[in-house]
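Good morning, and thank you for joining this meeting.

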Amino acid sequence: MVNILAADMTETHGTSPPRHVREMYARGIVALFPYLMDPYSKNGYEHFYDGESGSGYLAWRLKTIQRKSVSSERRGSSRELKGGGPTTRRDASFNPEMTLSKEQCSEAISFMKHSSDEAAIKQRMKMTFQYRCSMVLDEEKSPDVLTEFPRFKDVKGLVEQDFILLFGENVASKFLERWPTTFKQKVIQQCKALPTSSELEELIHSAEATSYEEEMDDYPLDSGWDSDLSSIILLLHLIPPSAQGRKRPGKVSASQAEKHLVVFKKSGTSIQEHVDAISSTTQPYLLAIGMKKSAINEFFIVLDKQVIPCKSTSSLGAFDELFKAHFVFGTIYNPALYNMYTFIQTTVYNIDIGKVQESPRVAEVRARLLH
């Protein structure tokens, strides 16, 4: 019980929650289970947490969590490398008929940079897949992937092709098959039970809107995203970002996390100006271009000030490509989106089940949606 409560506390308040929060949990334990109350202590719950001495079962468990958190931070991304996720080395689904020599690989890369034949480019991309896989997981070489393979930036569908080569057609198709039929309506229904806010209500309304309603001139939520993207953003509210611990105090809200997922720009906006305004390296996010959020004409994936056009013009297809880009380019999830992405990875795509670290909230939501 103590472990479960401590996990819930750190999920909401970080690894170093304030004293009043610890006391609230301790008080709650003896309120729910009166027989656990200590009749000889001042408040009856000091054996779970004593604010004066900082001792008790909850305090000790929190100290253990803090030690593990510090150790994990020192190791950096090594945890994900040993477990599951976009930066994990794995055997690809695709087995080439022949392995290119270094000279043959260089010739194929040179050919792609100057060719205008998309079919030939896609074939050479397939031939150089193994080389690219080793490159994206090499810390020194990974920043140069889009320089070495610049056709990602003008030939649509290359992200999808690499993901299929990595995992196979069956895995690659799971999100587009399962989200509309298995998850979308359940996510909407679960969000209706969350504490209400005007933003949440607008998202639910947008997610439940039909295509016909979105196209109407008098549609009341003209500033909202379309139904599919609204339902994905609702998942962020259902599985919000975890608190970041002592070194990064505070909890990122779902609304703040959304800005790391998708950015809207009106048609006619200079994409290059948007990219030039980026001041630091970023994890992949969607850039949506259109007259309004519910009517997007083009989607792009932005990664480290590089722009990759999405093959799909639908928000659901664009998000599918965004998720896949993490594996194709070997980039970790944005911390604000980690919980949502791990849910999508394990529960929808069924990738690395049991290997990647999940928050208790991810497991809780999965249990609700799949039963």
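The protein chain contains 19 helices and four strands. Please keep in mind that this is a predicted model. Along the principal axes, the C-alpha atoms of the chain fill a box of roughly 80 × 55 × 40 Å. The protein chain has 371 residues, and 47% of them count as buried. As for contacts with a separation of 6 or more, 59% are accounted for by residues 24 or more positions apart.

I turn now to a pair of helices. Two packed helices are described by the angle between their axes and the distance between the axes. For helix H11, residues 174-191, and helix H17, residues 315-328, the angle is about 130° and the axes are 10 Å apart. H11 is therefore oblique to H17. The crossing in which H11 passes H17 is right-handed. Which residues make the contact? From H11 they are Phe175, Leu176, Trp179 and Pro180, and from H17 they are Leu316, Gly317, Phe319 and Asp320. By type, the residues of this contact comprise six nonpolar, one polar and one charged.

Next, the strands. Strands of a sheet pair through backbone hydrogen bonds, either parallel or antiparallel. Here, four strands form an open sheet with mixed pairing, in the order E1-E2-E3-E4. At the edges stand strand E1, residues 262-266, and strand E4, residues 306-309. Each of these has a single partner strand, so one side of each is left without a neighbour in the sheet. From one strand to the next, the twist averages 35°.

Let us look at one pairing within this sheet. Strand E3, residues 295-303, and E4 run antiparallel and are joined by four bridges. Phe300 has Pro309 in E4 as its bridge partner.

In the loop between E3 and E4 we find Lys305. Although Lys305 is not a glycine, it has a positive phi of about 65°. Is Lys305 buried, exposed or partly exposed? Its relative accessibility is 39%, so Lys305 counts as partly exposed.

Finally, I would draw your attention to Asp352, which is located in the loop between helix H18, residues 338-348, and helix H19, residues 360-369. Asp352 also is not a glycine, and its phi is positive, at about 55°. The relative accessible area of Asp352 is 12%, and the cut-off for buried is under 20%, so this residue is buried.

Notes: Residues are numbered from 1 along each chain as its sequence is written. This is a predicted model: local features need pLDDT of at least 70, side-chain atom pairs count only at pLDDT 80 or more; totals for chains, interfaces and linings use all residues. Side-chain values use heavy atoms; hydrogens and water are left out. Axes are lines fitted to C-alpha atoms, for helices over the stretch in contact, and angles run from 0 to 180 degrees between N-to-C directions. Helices (H or I, at least four residues) and strands (E, at least two) are DSSP runs, numbered from the N terminus. Angles under 35 degrees count as roughly parallel, over 145 as roughly antiparallel, 65 to 115 as roughly perpendicular and the rest as oblique. A crossing is left-handed if the near helix is turned anticlockwise from the far one by less than a right angle, and right-handed if clockwise. Contact means heavy atoms within 4.5 Å. Ala, Val, Leu, Ile, Met, Phe, Trp, Tyr, Cys and Pro count as nonpolar, Asp, Glu, Lys and Arg as charged, and the others, Gly among them, as polar. Two strands pair if DSSP finds at least two bridges between them. Buried means under 20% relative accessible area, exposed over 50%, partly exposed in between (1.4 Å probe, protein chains only).
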